[in-house]
Number of protein chains: 2
Amino acid sequence: MQNEQTRGLLITLSGPSGSGKGTIVKSLLSKRADTVLSVSATTRAPREGEIDGVHYHFIDRETFLRMIEDNAFLEYAEYNGNFYGTPKAPVEAELLAGHNVLLEIEVQGAEKVMDSGAEMVSIFITIPSMQELERRLRGRDTETEETILSRLSIAERELKRAFRYDYVVLNDDVDAAVERIETIIQAENMRYSRMSKTVMEVLEVC
Amino acid sequence: MQNEQTRGLLITLSGPSGSGKGTIVKSLLSKRADTVLSVSATTRAPREGEIDGVHYHFIDRETFLRMIEDNAFLEYAEYNGNFYGTPKAPVEAELLAGHNVLLEIEVQGAEKVMDSGAEMVSIFITIPSMQELERRLRGRDTETEETILSRLSIAERELKRAFRYDYVVLNDDVDAAVERIETIIQAENMRYSRMSKTVMEVLEVC
């Protein structure tokens, strides 16, 4: 019973590539000591500056497929020819320890977490305009023209899936977007399921 | 479609007598120009200082019963021998005009609004302790000893109904409680149903 009350929130953050998920997550983590990031596993090659075990667990395809067979993922998806997945065990351990766990995942993966029936808060990060998204993707300087066009087309499809989420947060400004997410976390912590202990304590003193 | 997007939130605020609903509502209204209070109808006698049409529509029992027959109430309830009810038409008009409408109602009435299936956000105001509730009720100086004891016993029953609500807000401090409710309003305005227009606009520009 006590574990149930202090359990953290599982928060799924998703949105198109270039929506700013990564920057938002970094800022959120620096502000909230009660919140940790779920480190995904992937078969894609590390980008410059990415550290194994911090940004991703970079694992080979064979290992990934074995973990799928072991039902060790909360979700997994193939995206642009690579696998991405969220290992179950560490997420559950953090939630039980009372930490909020952020899942920063692609839209495909987010829908699989939703379909799994896991209790969570899902947030879709949206962008001010497609023009702004294109500007951001070009600004990265790590993408080929072909990848940029592919990402823009995927983004359009992904925006149409926003209806699957509990909340939509506009990322017109990173600080504002982070504040919006903190507002959602505060509100979710006032849900009856998370406040029932407070109410019961008033009654027990009678 | 446009009305759907700009429609206000129907917010049901309830909690035991003495939980501070009235003070919270007054502060909330003074801070938010986008929010109005639904004025209930009642058959009980006005308390000192209460103004007809502002605090309640004070109507006679016959009129109230005729309105019940006309299905003109969103909810109504009998409480301590008096009728209380929320007239439907003005609430709907304010929501369509884009205003949030606060329903400050007794727990019985709140459950009837929930059972009606109306789209709304329901908030239960709770108290730090039964001792504090007793202190507040005695501080009113308008209640007899018998009424106070009856209200305390009713409060216990009402606290057990908190599970029916979307949110529970602790009123340990009025300003803090008002801020919590504003946080809930902000979060509810980021629900997909209220953000879908923003997402669709991004897609339309493509």
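Me: How many residue pairs are in polar contact across the interface of chain B and chain A?
Reply: The model is a predicted one. The pairs considered are those in which both residues have pLDDT 80 or more. Across the interface of chain B and chain A, the number of such residue pairs in polar contact is six.

Me: Which helix gives the most residues to the side of chain B that touches chain A?
Reply: Several elements of chain B each supply at least two residues to this side, among them helix H6 (130-140), helix H7 (145-159) and strand S9 (167-170). The element that gives the most, with six residues, is H8(B).

Me: How many residues of the side of chain B that touches chain A are nonpolar?
Reply: In total, 32 residues of chain B are in contact with 32 residues of chain A. On the side of chain B, five of the residues are polar and six are charged. The nonpolar residues there number 21.

Me: What percentage of the area buried between chain B and chain A do carbon and sulfur atoms give?
Reply: The area buried between the two chains is about 2,800 Å². Of the area that chain B buries against chain A, Met190(B), Tyr192(B) and Val202(B) supply 22%, more than any other three residues. For the buried area between the chains, the part given by carbon and sulfur atoms is 74%.

Me: Which residue of chain B meets Glu188(A) in a salt bridge?
Reply: Between chain B and chain A the count is two salt bridges. In the one that involves the side chain of Glu188(A), the distance from N to O is 3.6 Å. The partner in chain B is Arg191(B).

Me: Why is the pair of Tyr56(B) and Tyr84(B) edge-to-face?
Reply: A pair of aromatic rings is described by the distance of the centres and the angle of the planes. The centres of the rings of Tyr56(B) and Tyr84(B) are 6.0 Å apart. Planes over 60 degrees apart count as edge-to-face. The planes of this pair stand at 65 degrees, so the pair is edge-to-face.

Me: Is Tyr76(B) buried or partly exposed?
Reply: Tyr76(B) forms a tilted aromatic pair with Phe73(B), at 6.2 Å centre to centre and 50 degrees between the planes. Phe73(B) is buried, with a relative accessible area of 6%. Buried means under 20% and exposed over 50%, with partly exposed in between. Tyr76(B) has a relative accessible area of 31%, so Tyr76(B) is partly exposed.

Key:
Residues numbered from 1 in each chain as written. Chains lettered and ligands numbered in written order. Predicted model: local features only at pLDDT ≥ 70, side-chain atom pairs only at ≥ 80, totals over all residues. Heavy atoms only, no water. Contact = heavy atoms within 4.5 Å. Buried area = accessible area lost by both parts, 1.4 Å probe. Salt bridge = Lys/Arg side-chain N within 4 Å of Asp/Glu carboxyl O. Polar contact = N/O pair within 3.5 Å; in protein donor to acceptor, adjacent residues only side chain to side chain. Helix = DSSP H or I, 4+ residues; strand = E, 2+ residues; numbered from the N terminus. Nonpolar A, V, L, I, M, F, W, Y, C, P; charged D, E, K, R; others polar. Phe/Tyr/Trp six-rings, centres within 6.5 Å; stacked < 30°, edge-to-face > 60°. Buried < 20%, exposed > 50% of the residue type's maximum accessible area, 1.4 Å probe, protein only.
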